[in-house]
Amino acid sequence: MTTAAKPKAGLEDAVATTSAICYLDGDRGVLAYCGYDIHDLARRSTFEEVCYLLWHRRLPTRAELGDLQSQLAEARRLPEAVLRLMRTLPAGSAGPGLGHGSDGMDLLRTLTSALGHYDPEASDSSEQGNYRKAVRLTAQIGSLVATMGRVNAGGGPIQPDPVLGHAANFLYMLTGDRPSGLATRAFDVALVLHADHELNASTFAARVAAATLTDIHSAIVAAIGTLKGPLHGGANADVMRMLLAVGPSAPPEKAEEVVRARLARKEKIPGFGHRVYSTEDPRATHLRQMSRDLGQHAGQPIWFDMSQRIEALVNADKKLNPNVDFYSASVYYALGIPIDLFTPIFAVSRVAGWTAHVLEQYANNRLIRPRAEYIGPEYPQRYQPLEAR
């Protein structure tokens, strides 16, 4: 029997690998991509710059950024066969065109796998080939999720505009309208904030898959399947449903009544607490501000007002801080994004981090094969013939 200390449930605090991509300090509330603080990136950078940073460990020059923007623009158009598949997959609880799972994640998983069949370099496992596929996946997943939402709302697919950046293209392909500067910047910052977060469950799943030397599409499908789980994705959708249950015409203090009742029933309030952060999630700092600004601009400050009251109540009662999901709910809602797309949108951003980790795993690979502490029946057991049991 082993005498080593028992691992914490869920591998909490276990260090599984080394990585040059993301730095977290939960006690100080620090999140940094390749050494760059998330606050600097959120205020000054763009999603395209962050993609380059995650993939190359440095910020791009103007020429390098221009090249990447051109590559993303060229890759955004979806294969017609994938659009046909989107229309033929079964509808269900999420509505026509969004598959039969929660928040369209089943559809996103299946269509991302299908992209691998039509990738022009599907069989190229070289370092440069995998990098080009990372760029294409990042471009195409944004187009997939926007088109899913568009089709689900009864519209037809809209082709991407090569003049628009990643954030603006997503909103344009989803709504059919060219977004305002405020909306574009808000969504771009949201993409920056969600781009990576070290070894979260979906990123770890992608690295485990990549360590077998499977193809990059399969590794990203593993990540998407993991994100589908309600303990990883979906909290911001639950937050917005909670706010909508209170109602836009209710006074903000009504939200406090609803939350107090849920706390009295020992129910979890979505959007609070984090496995890593013991202080405020640094991403929530920016999302809070965006929620206020977008709510005021849209003439719907009620969602931010409710959220503020809920935050104060949960912090006072449970000493919990809002995480990235809490204020992203009202941000996305103010942008006109359907709730069913909230979790797929996580993948629109996180695919940059997923692919960065997959490329890092490929570059310095060893099969990930941990051990388990055995706690079953004592060895050896005496085998009993069937008639003697």
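The questions and answers below go through some local features of this structure and how each one gets its label.

Q: How do you know which features may be described here?
A: This is a predicted model, so local features need pLDDT of at least 70, side-chain atom pairs count only at pLDDT 80 or more, and totals for chains, interfaces and linings use all residues. Residues are numbered from 1 along each chain as its sequence is written, and side-chain values use heavy atoms, with hydrogens and water left out.

Q: Why is Ser143 called buried?
A: Buried means under 20% relative accessible area, exposed over 50%, and partly exposed in between, with a 1.4 Å probe and protein chains only. Ser143 has a relative accessible area of 1%, so the label is buried. You will find Ser143 in helix 6 (residues 127–152); helices are DSSP runs of H or I with at least four residues, strands are runs of E with at least two, and both are numbered from the N terminus.

Q: Why is the pair of Tyr332 and Phe342 called edge-to-face?
A: Let's start with the search as a whole, which finds eight aromatic pairs. Rings of Phe, Tyr and Trp (its six-membered ring) pair if their centres lie within 6.5 Å; planes under 30 degrees apart count as stacked, over 60 as edge-to-face and the rest as tilted. One of the pairs is Phe272 with Phe326, at 4.6 Å centre to centre and 50 degrees between the planes, and this one is tilted. For Tyr332 and Phe342 the centres are 5.4 Å apart and the planes are at 70 degrees, so that pair is edge-to-face.

Q: What do these two pairs tie together?
A: Phe272 lies in the loop between helix 12 (253–264) and helix 13 (282–297), and Phe326 in helix 15 (residues 324–334), so their pair ties together parts that are 54 residues apart in sequence. Tyr332 in helix 15 and Phe342 in helix 16 are 10 residues apart. Ring pairs also link Phe170, Phe187, Tyr332 and Phe342 into a cluster.

Q: How do you know whether Tyr332 and Phe342 are buried or exposed?
A: Tyr332 has 2% relative accessibility, so it counts as buried. Phe342, at 0%, also counts as buried.

Q: What makes the phi values of Cys34 and Leu213 worth a look?
A: Most residues other than glycine have a negative phi, and most peptide bonds are trans. Cys34 has a positive phi near 50 degrees, and Leu213 a positive phi near 70 degrees. Cys34 is in the loop between strand 2 (30–33) and strand 3 (36–37) and, at 17% relative accessibility, counts as buried. Leu213 is in the loop between helix 9 (201–211) and helix 10 (216–227) and, at 58%, counts as exposed.

Q: Which residues does a cis peptide bond join?
A: The bond joins Tyr379 and Pro380, with omega about 0 degrees. Pro380 has its place in the segment after helix 16.
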